[in-house]
Amino acid sequence: MATALHNISAVDLKNVPDASNMIFGIVVSEWNPEITGPLLEGCVRSLERFGALPENIHVKSVPGSFELIYGAHQMTLNDGYDAVIILGSVIRGETPHFDYICQGVTEGIARLNATSNIPVVYGLLTTNDLQQARDRAGGRLGNKGEECAVVAIKMAKF
């Protein structure tokens, strides 16, 4: 988790298992592509860094962040994945829409984690403004996609 004192990309890299025999599903939102694109790039780069083969990283896109739940659920039904990662970005606006989407996605992914046989890693940025999102998508606070990759590998081994 990124804070002013902690870079997202500074996760514990000492005990990351070998991912060469793992298969990952990634569901990425098309909304805010200037943020979700770098998140996806960081995630894939990090999975490959720890041994995941490019052909074992399957990426599907969905229109928005709320649809990440459905996409992740469909991937959990495919028994070939060792972990599923969701990547999205919701930036606060002038209406309560932000709160409903963030809460809905969080509850949906939590439900999937409690009921499916494979881990679903939460990579939804929920920020107050575009700069905060940029800072967490390869900016000064690192890349949440990289963190999600490491979490996915560790949870797949769990």
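S116 sits in the loop that runs between α3 (97-115) and β4 (120-127), where helices (H or I, at least four residues) and strands (E, at least two) are DSSP runs numbered from the N terminus. This is a predicted model, in which local features need pLDDT of at least 70 and side-chain atom pairs count only at pLDDT 80 or more, while totals for chains, interfaces and linings use all residues. Residues are numbered from 1 along each chain as its sequence is written, and side-chain values use heavy atoms, with hydrogens and water left out.

Stay with S116 for a moment. A polar atom of its side chain lies 2.7 Å from the backbone oxygen of L112, and a polar atom of the S116 side chain also lies 2.9 Å from the backbone oxygen of I118.

The largest nonpolar core has 25 residues, and F24, I26, C43, L47, I85, L87 and I153 touch the most other members. Such a core is a set of buried Ala, Val, Leu, Ile, Met, Phe, Trp, Tyr and Cys residues joined through side-chain atoms within 4.5 Å. Two or more residues each come from β1 (24-29), α1 (33-49), β3 (83-91), β4 and α5, and α5 gives the largest share, five residues. In soluble globular proteins, nonpolar side chains tend to be buried together. A second, separate core of 19 residues includes V27, L68, A72 and I101.

Next come the charged pairs. Taking a salt bridge as a side-chain nitrogen of Lys or Arg within 4 Å of a carboxyl oxygen of Asp or Glu, the count comes to four. One of them joins the side chains of E146 and R45, at 3.0 Å from N to O. Because E146 lies in helix α5 and R45 in helix α1, this pair ties together parts that are 101 residues apart in sequence. E146 counts as partly exposed because its relative accessibility is 22%, and R45 is partly exposed too, with a relative accessible area of 45%. The cut-offs here are under 20% relative accessible area for buried and over 50% for exposed, with partly exposed in between (1.4 Å probe, protein chains only).

Another salt bridge links D99 and R92, whose closest N and O atoms are 3.5 Å apart. D99 is partly exposed at 38%, and R92 is partly exposed at 37%. K144 and E147 also meet in a salt bridge, at 3.5 Å from N to O. Both lie in helix α5, three residues apart, about one turn of the helix, and both K144 and E147 are buried.

Finally, follow α5 towards its end. M155 belongs to this helix, which spans residues 144-157, and counts as partly exposed because its relative accessibility is 37%. V151, M155 and F158 make a nonpolar surface patch of about 330 Å². K157, also placed in α5, counts as exposed because its relative accessibility is 58%. Leaving aside neighbours within four places in sequence, K157 is in contact with P17 and M22. The C-alpha atoms of K157 and G80, 77 residues apart along the chain, are separated by 14 Å. For the patch, residues need over 30% relative accessible area and no salt bridge; like charges are joined within 9 Å, and nonpolar side chains (Val, Leu, Ile, Met, Phe, Trp, Tyr) within 5 Å.

Methods:
Accessible areas come from the Shrake-Rupley method with a 1.4 Å probe; for residues, only the protein chains shown count as cover. Contact means heavy atoms within 4.5 Å. A polar contact is a pair of N or O atoms within 3.5 Å; within protein, one must be able to donate a hydrogen and the other to accept it, and residues adjacent in sequence count only if both atoms are side-chain atoms.
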